[in-house]
Structure formats: C-alpha cells, structure tokens
Amino acid sequence: MLFEQKKDLETISIDYLYEGLTVKDDIYNHSGKLLLVAKGITLNGVMLKRLRKFNDSNRNIKVSAKIRDELMSVAPSPEQKRREFENETGYSKIKHHAMSIITISGISDQVPYEQLSDAGNLITERIETTNPAVILQWINAHKESDEYLYRHSANVAILNGLMAKWLGLGEKETEELIFTGLVHDIGKTRIPVSILKSPEPLSGPDLETMRRHPAYSAEMLDCEKFGEEIRLAARHHHEKMNGTGYPDGLSGDAIPFYAKVTAVSNSYDEMASERSYKNAQSPFKIIMRMRTEHFQELDMKLARLFGENLPRELTGKPALMSDGRSGIVKYIDDKNIEYPIVEIEGEIIRTNPGLYCLSMLIED
C-alpha cells in the first residue's frame, strides 16, 4: 500500500536490521512511501531476505530518528551474524583448515603437507568464484584472540592468492604463494601464549621473543616437501626494503620475491584487523596508509599493484557509510584513495573525514 512520504524520517542502511529485532516503530522503504515492517513485528531470517526485494534492492530504508539512533548504537549479535556470514560464504572451511594446520604443527613441530595442500586447493577455488567484496569482509572481520593466528594465516594466504592472480602467475607459483601465506607465521606456535595474546603492543624482551617467529617458521619448513622459496619467504616476510626489518636485516633485491608479496598481504591484514588497542579500518584507508606510511618498507611495485587492483574490484560495490546510510562506490581517485566518490540516494558525493566508508557491504 502506498502512502504520502512521511516527514521526520531518517535514512539508515538496511544492513542494520538483524534477526530477532522487535521493531519499535514502523519501517519504510528507501523513499519513505511504502510501509515495509509494522511496529511490533519481530524480524526473522526469511523476512530479512524478503525485505531486500520489497525495497527494490536498495540498501537504505527510512525509520524514525529514535529508531535510527538505537540501531546504530546497538551491536546486534555481531558474533552470530559474522559466523552465519562466514558459514554461508565458505570462509569457515578455510579457517578450519588453517586451524588444523597450525594445531598439528604446534603439537608435532612439523607442518602437515597434505592438510596444507587441501587448504591451498580450497583457497584457490574460492578466489576464483568469490566476489572480492566478500573476501574483504572475511579479512576485515574482528579477530578474537583465540582465533587470531588461524584467521591471519588464512587471510594472508587468500591475499597472496589474489596477488598471484593480479600478477598473472602460473598455477605452481600461485599454489606456493598461498602455501606461504598459510605457513608464514607457523613459528608462532613456539611463542608463549602470554606473548601471542598480549592486549598491548609488545616491547622489550617480549618483542624480541616474538621477532624470532620467522626463523622458527623456516626451521619447521626445512624438509623436502617444501620448496626453498616457501621456506625463505617464511623467514623473510618481516624484512623491509630499507633494511630495517628482521631477522636478517635484508634490503631491496636481497629479499626473496615470495617474501615481498607476503609482506604486502601481511601488512594489509594487520592494518585491517581489529585488535583491542586499535580499530579496524576501511580498505580505502588501509591502501592509502600502505602508500604513505610503508613506502620505504614494502616493495612499491607490489604495493602499487595491490593498491590499483583492489580499488578496481571495489568500484560499483555497496559500502556502509559512517552516518549509517549505504552508498555505491562510483570512482576511486588514485590521488585520494581514502575518500572515494560515492552515490547515496541518487546524490554523487565526495567522501571526507565527516562522511566516509566504514566497510564494504555484501551483495545478495
């Protein structure tokens, strides 16, 4: 049933609605003219999926100011929503493989090659069939301390696979880069748990202990099943182009190629990760930081390849804005990556420090 557009309604992304929410006031479509959900209704999963269709696939809805503020201030079962999303999109299987590899390695002090091969095949298949915006949601998700090492290893492997795709590498090189991502931090299984789960940035003796993990990773991979390229990449993924990295202080061309690729992927995931002492950041801000803050540390040809291809994958995709609305990324200026141009409710806007992209949204 159509209505005259109601006054005093506010716009918010439909993604703020969640299963189990009891609606305290009427919810209208993006134009404010069509009643979508009446006051008092409790939303379920089927209803949420249907709402998208009834809303003409628009990502925004109209609600009262009170409801908008409440939805933006309440975190609606974030853990449950994340797990459901990861189960539906296949990330849970990748994470499970990474967990199995790291757990077995921690117990045996050896990396199980067969499990690594299975994980590599799965990641390769997912990279070929999964929307890059979905992959970014996997990587940008909050990492609980108990899962941090598993998720980080899976994420770096996925990003290494994307880099291999953008570089046009062959099947063997792609497989080896994915393997490298999965095992680059395997040496952390020798690091005390108290250091691994520290809620604060490490310093002093604890930092020195943590910095031994690349050498430990290489030791655990020192067998015939793993190629020298993978072993050296695991040892040198924390080396920096300007020679200030560790464990060997290598610089420039002395750093192995796989290590340089893994350093870019590792850098992105570290900045994307939400930890207790820092907040997660949008992919646009992370790419900008990689160019400005790490230009002396990363191989800039690889960092630029990453910074050019990732925005290209995100152009035309929906994003959640800082004011609660959703928009479509229309154009990403190479000179101002952090603030892309977006379309919100038919208006073309240059994002800025007051209105910016929080994260990418997932298309049905």
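A salt bridge is a side-chain nitrogen of Lys or Arg within 4 Å of a carboxyl oxygen of Asp or Glu. The model is predicted, so local features need pLDDT of at least 70 and side-chain atom pairs count only at pLDDT 80 or more, while totals for chains, interfaces and linings use all residues. Residues are numbered from 1 along each chain as its sequence is written, and side-chain values use heavy atoms, without hydrogens and water.

**View 1. Salt bridge of E147 and R151.** The closest N and O atoms of E147 and R151 are 3.7 Å apart. E147 has 15% relative accessibility and counts as buried (under 20% relative accessible area; exposed is over 50%, partly exposed in between; 1.4 Å probe, protein chains only). R151 is buried at 0%.

**View 2. Crossing of helices α4 and α7.** The axes of α4 (residues 91-108) and α7 (residues 148-167) come within 8 Å and cross at roughly 115°. The two helices are therefore roughly perpendicular (65 to 115 degrees).

**View 3. Salt bridge of R68 and D69.** The N to O distance between these side chains is 3.7 Å. R68 is buried, at 15% relative accessibility, whereas D69 is partly exposed, at 48%.

**View 4. Salt bridge of D323 and R325.** The N to O distance is 2.7 Å, and both D323 and R325 are buried. Through salt bridges with shared partners, K62, D323, R325 and E345 form one network. The structure holds 22 salt bridges.

How values were computed: Axes are lines fitted to C-alpha atoms, for helices over the stretch in contact, and angles run from 0 to 180 degrees between N-to-C directions. Helices (H or I, at least four residues) and strands (E, at least two) are DSSP runs, numbered from the N terminus. Angles under 35 degrees count as roughly parallel, over 145 as roughly antiparallel, 65 to 115 as roughly perpendicular and the rest as oblique.
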